[in-house]
Amino acid sequence: MSADAEAVATDVLSQTTQQPREVCMRREVLLADLGVDSLALLEMVETLQDRLAIIVPDEVTARIQTVADWQDAASRLAAAAPASEPTTRT
């Protein structure tokens, strides 16, 4: 799941910044250098939460500075999320 979560995080970053995916995969790049301000980061977090069915705590969001931080947070939180229970048909 973490590779999938990282790919989703990269897609969200690319869509938000209008930058090519290749640029949004460079882990050392600061989000601010891609034009991500605090409002854009909150929008990204909201999109990530919706797409991965996770909750990103405010303290995690506050520590996100780089692409690596963004991808790692998505991977960690997705891996820790409880698996959804299968639905039964009656």
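Colleague: What should I know about the model before I read it?

Modeller: It is a predicted model, where local features need pLDDT of at least 70, side-chain atom pairs count only at pLDDT 80 or more, and totals for chains, interfaces and linings use all residues. Residues are numbered from 1 along each chain as its sequence is written, and side-chain values use heavy atoms, with hydrogens and water left out.

Colleague: How many helices and strands are there?

Modeller: Start with the definition. Helices (H or I, at least four residues) and strands (E, at least two) are DSSP runs, numbered from the N terminus. Here the protein has 4 helices and 0 strands. From the N terminus on, the order is α-α-α-α.

Colleague: What share of the residues is buried?

Modeller: Buried means under 20% relative accessible area, exposed over 50%, and partly exposed in between (1.4 Å probe, protein chains only). Of the 90 residues in the protein, 40% are buried.

Colleague: And what is the accessible surface of the protein?

Modeller: Accessible areas come from the Shrake-Rupley method with a 1.4 Å probe; for residues, only the protein chains shown count as cover. The protein total is about 5,800 Å². Carbon and sulfur atoms account for 50% of that.

Colleague: How do I read contacts along the sequence?

Modeller: Contact means heavy atoms within 4.5 Å. Take the contacts between residues at least 6 apart in sequence: 59% of them join residues at least 24 apart.

Colleague: Which helices pack, and at what angle?

Modeller: Axes are lines fitted to C-alpha atoms, for helices over the stretch in contact, and angles run from 0 to 180 degrees between N-to-C directions. H2 and H4 pack at about 30°, with axes 12 Å apart. That makes H2 roughly parallel to H4. The cut-offs: under 35 degrees is roughly parallel, over 145 roughly antiparallel, 65 to 115 roughly perpendicular, and the rest oblique.

Colleague: Is the crossing of H2 and H4 left-handed or right-handed?

Modeller: A crossing is left-handed if the near helix is turned anticlockwise from the far one by less than a right angle, and right-handed if clockwise. The crossing of H2 and H4 is right-handed.

Colleague: Which residues meet there?

Modeller: From H2 come Leu41, Met44, Val45, Leu48 and Leu52. From H4 come Trp70, Ala74 and Ala78.

Colleague: How many salt bridges does the structure hold?

Modeller: A salt bridge is a side-chain nitrogen of Lys or Arg within 4 Å of a carboxyl oxygen of Asp or Glu. The structure holds 2. In one, arginine 21 pairs with aspartate 11, and the closest N and O atoms are 2.6 Å apart. Arginine 21 is in the loop between H1 and H2 and aspartate 11 is in helix H1, so the pair ties together parts 10 residues apart in sequence. Arginine 21 is partly exposed at 30% relative accessible area. Aspartate 11 is partly exposed too, at 23%.

Colleague: What does arginine 27 pair with?

Modeller: Its partner is aspartate 72, with the closest N and O atoms 2.8 Å apart. Arginine 27 sits in the loop between H1 and H2 and aspartate 72 in helix H4 (residues 67-80), so this pair ties together parts 45 residues apart in sequence. Arginine 27 is partly exposed, at 33%. So is aspartate 72, at 27%.

Colleague: Which residue has a positive phi of about 60°?

Modeller: Glutamine 18 does, although it is not a glycine. Glutamine 18 lies in the loop between H1 and H2 and is exposed at 67%. Alanine 53 also has a positive phi, about 55°, and is not a glycine either. Alanine 53 lies in the loop between H2 and helix H3 (58-62) and is exposed at 65%.

Colleague: Is serine 14 buried or exposed?

Modeller: Serine 14, in helix H1, is buried, with a relative accessible area of 15%. Leaving out residues up to four places away in sequence, serine 14 touches Gln19, Pro20, Arg21 and Cys24.
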